[in-house]
Structures are given as C-alpha cells and as structure tokens.
Amino acid sequence: MCDHNNNGKGNEAFQESIPRLLSLLSGVEKMEFENFSMEIGDLELWIPMMGTSIAPSQSSTVFSGSPAAARVKPTSLLSETFVPPQEEFPGSIREVRLGATKSEGGSRGRSLVIGGANSRPFVYADKPPVHPPVFALDVFDTDLHLPMALKANIKDVMSDPAEWARMNVKKFGADMVTVHLMSTDPLISDRSPADAARTVEEVLQAVDVPLIIGGCGDPHKDAEVFKKVAEIAAGERVLFNSLTLDMANAKTLEGVALAAKEHGHAVLGFTGLDLNKAKEMNRRLYEYLPPEDIVMDLTTVALGYGLEYSFTIHERARHAALMGDTELQHPTISAATNAWAAREAWMKMDPKYGSRELRGPLWETINGITLLLAGVDIFMMMHPAAIRTLKETVNMLMQRDMAVTTDHFANWATTKI
C-alpha cells in the first residue's frame, strides 16, 4: 500500500524512495495494490523496448513528471518507391459520348467521350486513362446564397445564365457547363418547363461545349422539365442530372428515360453511397436505355463530412466493374462543389486557419483530387482556382516519364491564389 501526498515534501520524499522501492521489487512479477490512488496528470509512462533495462537514474525521471522531448519538425518528404502490382482485369468501363457536333446532329464545337478505363486510375505508367477526366463549371438560373469566395469571380454575370456559361468557358476553361434549373422548384419560383427550356436554349447559343442539365430535386417537376428540355435540345446529346429512385417510385422515370432516348441524350443515375442501390438504379434504366447512355453519381461528400466514405464507394464500384460486374461498368461523376457544404470551407475562423478566399478552393480541390484517384470521369466544380488545379494535376498524372521534384510540395497549401 502506498500513500503519496500531492505536496512538495511528499513529492520529494517519493522521488527519493524510488531507488529503494526498485531494489525491493527486483524479481517481483506480480503486485496487488489496496486503497491506491494516483492523479494521472502526475504520471508519465515510459515503456522500455525488449531487451533493455531500467537504470535508477532513468527510473527517477520516469515518475518525475518531466516533459517529453520536443518533436523535431520534418524538413523533407519521406522518399519511397511504389512498385505497381502485376494485374490484369477482365472488365472495362463503358464509353459514353457527351455533346454532339454538327456532323453528329448537334451544334457543339466538339463532343467528349468519357469512360473506357481497363485498369485502376493512374497506377500504371503504360496505362494512362483511355479518356482523361473532364471538368464542368456550374451555372444557376436563380439567385443563390453563395460564399463570397465564389461570388467574387462571377458576381457580374450571376443574373444571366448565358453570360455566366460564356465566362466559365472563355475565361475559366470549362470543358462542359452544368445548368442548374433551380428556379423550377415549387418551393422557390416554380417556373414552368417551357421557361426552363428557354434558359437552356440561351446557354446552348452562348457556348459550344456539351451541357449537363440539372433539375431542382422534385421528382415530378424534374420529370416534366427534363422532357421539355430533351425536346428543345434534340440532337445535342446533353446529360440529364439526375434520374433517381424517387422518380421510379413516383412513376416518372419511364417518361424521362424514353424522352432522352428519343432525342439522343444521356442520363445520370444518382444514388446515395450505396452500391446495391446504384445497381438497382441501373437495372431500372436498362429497361429504357442502352448502357452507353448511362453515367453514375455515387454521391460526393465534403472533406471532414465523410469524404473518405465517398472515396471507398467509388473505389469499390470501379474495382467491381473492372472485375466484371456489368451493372457497375459505367463512367462516374463527382459534384466536387459539395465541398462548399462544409462550414470550414467558407466561414470566418481563427486566422491560423488561413483566409476563406484560400480555404474554400482548397476544400474543393481536395474533394476533386481525392475522387480523381478513385477513377471519377466528370467533375462538377465552381471555383476557377480549383478547376485549374485539378486540370494541372490530371496533366501531370497523364505524363508517363515525368520527373517529379518534391521540394515545393510541403508549402503548396500556403500558396496564394
């Protein structure tokens, strides 16, 4: 039994008694204490490695409460070699063409092909992606509450979707434009399908890149809007974002899918982080559309809010597809813009976390890079700095014989935009 008073004299006496205690305990393998108490704050545990012994001088410092040695900050990245495993996959990802040129029945400057992968993304130098990922920038047809870091770049065009789209392409280098028809939401402005179709017509005239057409999330209203847009954009090979199991339950899925097929468009099947539901969604779509008209959205979650789970779902889907699961052999899309749902991306915080103008695009960039490495084929984005960084990353990864220098990597997050 040991009674250790937590005052100056008691602590001093306790330390002086340690060598004698160690001598008495030599050879003891098991000890039982009664009425023993100890304040954890006064104890620092030190466990010697196998084969070492504890000298009295060492032991006295173990219980003295002395602070641990200061950690040394690394000055360089760890140097490691990666040897890709030798593997061949029996399956591949289907190719989907988006947009149509005049010779293909549309008016786009060029069409884009996504998919086609037959190996894991960016693992083998001799097997780069068959078609590199493409990047779309968002346009909304109604006023939204956006973070200032986003508004700063587009504030002059936010009231004009066509001009907004033109800026995304001409100034920011978007491969595609996503038109979100949020004003059709019955709880917002409840604009008609005809009004939404006119907005899409204006954007089609303003830019010549392929379009992604987004709805408002209401399964009944989206179905009516998509059918109308499919008609006015006939031949343009737009991608409808998105068809859901809610549409199937509301018995509106068939109408949209058949309209897309009739007018030559592609569709996006959206499910929430569940591969079984993704497979079910695709089986429903196969009833009306060929597999080459289908893209999957498996859901993107923001950094700090489940991004690692999004990565796992995408990685599992891609591996299953390459192993031969035909119901998952579709290109995938990521809404990297969901990064802005994270408060840390836009809210005012302690200065040590950096400016919001930098944190936001960094959050979106990390979302994009994470899912880029999972094999995503299309990225929907918002901040021009984020899309520029993702494009540069893809270009770097696509180079087979690149000489990598790591000296500047450690400081990349502090780079000013």
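1. The secondary structure of the protein chain comprises 13 helices and ten strands (DSSP runs of H or I over at least four residues and of E over at least two, respectively, numbered from the N terminus). This is a predicted model, in which local features need pLDDT of at least 70, side-chain atom pairs count only at pLDDT 80 or more, and totals for chains, interfaces and linings use all residues. Residues are numbered from 1 along each chain as its sequence is written, and side-chain values use heavy atoms, with hydrogens and water left out.

2. Of the 417 residues in the protein chain, 44% are buried (under 20% relative accessible area, 1.4 Å probe, protein chains only). Among contacts (heavy atoms within 4.5 Å) between residues at least 6 apart in sequence, 72% join residues at least 24 apart.

3. Thr365 belongs to helix H12 (residues 356-372). Thr365 is buried, with a relative accessible area of 3%. A polar atom of its side chain lies 2.7 Å from the backbone oxygen of Pro361. Leaving aside residues up to four places away in sequence, Thr365 touches Ala386, Thr389 and Leu390.

4. Lining residues have an atom within 4 Å of a cavity point, on a 1 Å grid over the protein atoms alone where a 1.4 Å probe fits but cannot get out. The largest cavity holds about 150 Å³ of space. Its lining has 17 residues, with Ala117, Pro121, Pro129, Arg318 and Gly375 nearest the centre.

5. The second largest cavity has a volume of about 60 Å³. Among the 13 residues that line it, Met296, His314, Ala317, Arg318 and Thr332 lie nearest its centre. Helix H10 (residues 307-322) gives the most to this lining, with four residues.

Methods. Buried means under 20% relative accessible area, exposed over 50%, partly exposed in between (1.4 Å probe, protein chains only). A polar contact is a pair of N or O atoms within 3.5 Å; within protein, one must be able to donate a hydrogen and the other to accept it, and residues adjacent in sequence count only if both atoms are side-chain atoms. On a 1 Å grid over the protein atoms alone, a cavity is a set of points where a 1.4 Å probe fits but cannot get out, and a pocket is an open set with protein on both sides within 12 Å along at least five of seven lines; lining residues have an atom within 4 Å of a point. Grid points are joined across faces, edges and corners, and a volume is the space filled by probe spheres set on the points.
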